[in-house]
Amino acid sequence: MNTQTATIKPNLAVVDGKTAPLSEILEILDRDGGVIVHNMLSPEVVARMLEELKTTTTSTQIGPKTSHELVNHFWGEQTKRFTRLAQRSQTFADEVLVHPILLGVADALLKPHCASYWMNTGQMMIVMPGGNPQYMHRDSDDWPTMNTPTTSICQISCMLALSDFTTENGATRVAPGSHKWTDYKREATEDEITQAAMPLGSGMIYTGKVLHSAGANKTKNEARFGLHMSYIYGWLTPEEAGCLGVTEDRAKTLTPLQQRLLGYRCYDGSDLNGGRLWTVDYEDIPTGLGWKTK
Ligand SMILES: O=C(O)CCC(=O)C(=O)O
């Protein structure tokens with residue numbers, strides 16, 4: 001196996017996205033619940049995407065915008081968050097939403113349980129200096145009965161580093177192996193937690209079953225630019241209302257796969273004895289909305 005390990009203990013394995021076979025990534029994910037993949041995005045792609053998102057990044061306030069106590073606790077008082085990335089960035093739509101490694105992992109782990117999967121959220125998570133580490137959580141707790149020690153993986157996530165992630169600037173904290181714990185109420189001790197320190201362009205791919213959180217940014221003036229990308233079964237309700245965040249006109253310029261991931265296609269589970277969901281006038285969305293697709 002061509003893996004090296006990060007310097008912090010307990011380690012997350014590191015592979016090179018340019019050369020690592022999917023089977024190796026899946027093997028590590030199964031063992032640890034998370035894996036760092038270097039070279040997922042080139043510096044040029046990262047720079048282009050940050051430029052496309054610059055106006056929103058600048059205008060987004062630091063800290064929560066809601067009046068919901070739990071959401072605010074989760075958000076991070078020094079974190080900027082925003083979504084609608086496919087509306088705001090062509091580079092996101094072409095290079096992140098349909099990233100071949102992420103789709104490869106999602107095909108392998110989600111497709112056995114659904115006819116198709118879709119985007120859960122594509123979310124900028126910019127951790128600014130100051131503040132505390134976020135509390136440790138499992139992303140799939142969004143769907144509580146779907147996230148127990150014995151349920152199948154319903155979510156694949158990736159935290160992409162759009163700037164270098166360091167222990168100082170708030171690299172994601174992860175408890176490797178916590179996806180396999182038999183008690184999901186147990187909290188991770190500090191010595192079970194590592195940080196996903198990784199260079200710009202890398203991604204920490206993880207399942208919704210592993211405990212993790214944003215780290216605290218202890219630098220004086222260095223923002224940590226993270227992009228969270230996640231996928232769930234096509235029959236689960238996503239966190240982000242993908243198709244409401246992307247206008248119909250914009251959606252028409254995207255490929256059928258991008259449209260599906262964003263919720264601009266219906267879910268047809270009939271081959272799996274499931275239902276046909278998310279329809280318009282009982283049609284697939286393009287037809288239901290009267291789009292000319294050709
Ligand atoms: O920003 C990070 O590193 C992780 C944040 C996170 O896990 C979340 O908000 O769900």
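This is a predicted model: local features need pLDDT of at least 70, side-chain atom pairs count only at pLDDT 80 or more; totals for chains, interfaces and linings use all residues.
Reader: What makes Thr91 buried, and where is Thr91 found?

Author: Thr91 is found in helix H6, residues 90–96. Its relative accessibility is 2%, and buried means under 20%, so Thr91 counts as buried.

Reader: Which side chain does Thr91 contact, and what makes the contact polar?

Author: The partner is the side chain of Glu52, at 2.9 Å. A polar contact is a pair of N or O atoms within 3.5 Å, one able to donate a hydrogen and the other to accept it, so a pair at 2.9 Å falls inside the distance limit.

Reader: Why is the pair of Phe74 and Tyr135 called edge-to-face?

Author: A search of the whole structure finds five aromatic pairs, and Phe74 with Tyr135 is one of them. Their ring centres are 5.6 Å apart, and rings pair if the centres lie within 6.5 Å. Their planes stand at 70°; angles over 60 degrees count as edge-to-face, so the pair is given that name.

Reader: What does this pair tie together?

Author: Phe74 lies in helix H4 (residues 69–75) and Tyr135 in the loop between S5 and strand S6 (155–161), so the pair joins parts that are 61 residues apart in sequence.

Reader: Which residues surround the ligand?

Author: The ligand is surrounded by Phe74, Arg81, Met125, Gln134, His137, Asp139, Met159, Thr172, His212, Ser213, Ala214 and Arg224. By class, this shell has four nonpolar, five polar and three charged residues.

Reader: Which side chains have an N or O atom at 2.6 Å or 2.8 Å from an oxygen atom of the ligand?

Author: A side-chain N or O atom of Thr172 is 2.6 Å from a ligand oxygen. For His212 the distance from a side-chain N or O atom to an oxygen of the ligand is 2.8 Å. A polar side-chain atom of Arg81 also lies 2.8 Å from a ligand oxygen. The protein covers 97% of the 300 Å² of accessible area that the ligand has on its own.

Reader: How do you know that both faces of strand S4 are covered?

Author: Strand S4 spans residues 79–82. Thr79 and Arg81 on one side are buried, and so are Lys80 and Phe82 on the other.

Reader: What makes S4 and strand S5 a pair?

Author: Two strands pair if there are at least two bridges between them, and S4 and S5 (residues 117–127) have four, in the antiparallel sense. Within this pairing, Thr79 has Val127 in S5 as its bridge partner.

Reader: Why is strand S11 called largely enclosed?

Author: Nine of the 10 residues of S11 (residues 224–233) are buried, so S11 is largely enclosed by the rest of the structure. S5 runs antiparallel to S11 and is joined to it by 10 bridges, with Gly122 partnered by Met229 in S11. S6 is antiparallel to S11 too, through seven bridges; there Leu160 stands opposite Leu227.

Reader: Why are strands S8 and S10 edge strands?

Author: Three strands form an open, antiparallel sheet in the order S8-S7-S10. S8 (194–195) and S10 (212–213) each have a single partner strand, so one side of each is left without a neighbour in the sheet. Strand S7 (residues 173–174) and S10 are antiparallel over two bridges, and Arg173 stands opposite Ser213 in S10.

Reader: What makes the phi values of Arg84 and Trp278 worth a remark?

Author: Most residues other than glycine have a negative phi. Arg84 has a phi near 55°, a positive value, and Trp278 has a positive phi near 70°. Arg84 lies in the loop between S4 and helix H5 (85–88) and is partly exposed at 32% relative accessibility. Trp278 lies in the loop between strand S13 (276–277) and helix H10 (285–288) and, at 45%, counts as partly exposed.

Notes: Residues are numbered from 1 along each chain as its sequence is written. Side-chain values use heavy atoms; hydrogens and water are left out. Buried means under 20% relative accessible area, exposed over 50%, partly exposed in between (1.4 Å probe, protein chains only). A residue is near a molecule or strand if one of its heavy atoms lies within 4 Å of it. Accessible areas come from the Shrake-Rupley method with a 1.4 Å probe; for residues, only the protein chains shown count as cover. Ala, Val, Leu, Ile, Met, Phe, Trp, Tyr, Cys and Pro count as nonpolar, Asp, Glu, Lys and Arg as charged, and the others, Gly among them, as polar. Rings of Phe, Tyr and Trp (its six-membered ring) pair if their centres lie within 6.5 Å; planes under 30 degrees apart count as stacked, over 60 as edge-to-face and the rest as tilted.
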